[in-house]
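Hi,

Here's the structure I promised to send over.

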Amino acid sequence: MTPAARLQAAIEILDDILDGDHAERALTGWSRRSRFAGSKDRAAVRDHVFSALRCRRSHAALGGASTGRGLMLGALREADIDPDTMFNGVGYGPSELNEEEGLTPRAAATDAEAVDIPEWLWPQFSASLGDNAKATAEALRHRAPVHLRVNLLRSNTEQAIEALANEGVICQPHAAAETALEVIEGARRIRNSEAYLSGLVELQDAASQAVVEALPLRDGMKVLDYCAGGGGKSLAMAARANLSLFAHDAAPRRMQDLPDRAHRAGADVGVLKPETLSEFGPYDLVLCDAPCSGSGSWRRSPEGKWLLSAEQLLELQETQQNILNTAADLVVAGGSLAYVTCSVLNSENTEQLTGFMAQSSGWKVASEQSWQVQNGTDGFYCAVLTRLAVDC
Ligand SMILES: C[S@@+](CC[C@H](N)C(=O)[O-])C[C@H]1O[C@@H](n2cnc3c(N)ncnc32)[C@H](O)[C@@H]1O
């Protein structure tokens, strides 16, 4: 496919997404219909689509319309590429610009539009991040780096780097966590590499790994991953200490791949049904990696940025409070409760901690940390609370 034909494919896929289709489904649908497209074409089209979704507001302003054409036109203008070199109807590319599209683009009307944050969220976003608000929003406009976690049950950093390099995946250690690697070259080879398939490494953001390093894990502890999802943090915990480890999720289906992933990683994780939680408890540590806005990982899932509403954010906060209250009851006296989100918003982070501490007795804050997107990881928050041995 020519570069212009890839652009036209992205325009059509974006139009489907703007009409309500899910990004992955729209991309898969196009791939199925486009047998002529090679792997490089598919990767390039995917990059166009995800980049447009990350910069949806600012590119629509630059392109004069919130349509596939408008977004891709805005992308070219931001990259200082003359649109006529692509929008010329040659080689299955987009048709020529009409008169309106050819007009000088308008400047962003607000700060939020310029940095691609929904208008309703900007006051809260900027209050949460203070002087870092624009840098964070700007970082969220760009593609996320690819990070791997070295599985200490199977390997160490040096061995993993060497094994990956032998398969064309070039990595370097990432400062955020002892186990974290940043992929410099060959990211598309990871999933088929022997190093990945044999469990030497897992795909996991460096801050997600750093969160697990911040947990007070020791050999012999009984640990519950209360919001386990696909089990990324369960597996990272299993590699840090010899634990009696259990995973739970309100949507058990999300944990369906966990037994296979655990087997590949050489980890032992018991998957629990909600009704058996207290039967296996109390636990020395309960990790609540709570459902949240995902604002710290909008580089990876840019659709979430535009789908989130004020009402949904309030609902999420209520769920977070309920999770904290329920999970707290499962912690043994002297044990720990860890509250984690991949959000950068105070309403989901510090304010949840303050709210919990104000209405609960017998807890003390052992640590509170956050990781910032502009420092090269996803945005994460982690508070670890200790249950005092005697309520006071
Ligand atoms: C941020 S994701 C977890 C990601 C996972 N820990 C990982 O590292 O891959 C949050 C999870 O919380 C689950 N969840 C939502 N509401 C819940 C609740 N009330 N109790 C327990 N889990 C819940 C969701 O199904 C989702 O899988």
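Let's start with the ligand: 15 residues surround it, with Cys227, Gly229, Gly232, Ala250 and Asp289 the closest (a residue is near a molecule or strand if its C-beta atom, placed from the backbone, lies within 6 Å of it). By class, that shell has seven nonpolar, four polar and four charged residues. Here Ala, Val, Leu, Ile, Met, Phe, Trp, Tyr, Cys and Pro go down as nonpolar, Asp, Glu, Lys and Arg as charged, and the others, Gly among them, as polar. Two helices, α12 (232–238) and α16 (310–328), each put at least two residues into the shell.

A word on where this comes from: it's a predicted model, so local features need pLDDT of at least 70, side-chain atom pairs count only at pLDDT 80 or more, and totals for chains, interfaces and linings use all residues. Numbering runs from 1 along each chain as its sequence is written. The protein chain has a mean pLDDT (the predictor's confidence in each residue, from 0 to 100) of 96, and 99% of its residues reach 70 or more. For the complex, the predictor gives an ipTM of 0.99 and a pTM of 0.95.

Now the strands. Helices (H or I, at least four residues) and strands (E, at least two) are DSSP runs, numbered from the N terminus, and two strands pair if DSSP finds at least two bridges between them. β3 (residues 180–185) runs antiparallel to β1 (residues 147–150), joined by three bridges; leucine 148 has leucine 181 in β3 as its bridge partner. β3 also pairs with β2 (residues 170–173), again antiparallel, over four bridges, and isoleucine 170 sits opposite glutamate 185. A six-residue hairpin links β2 to β3.

Cheers
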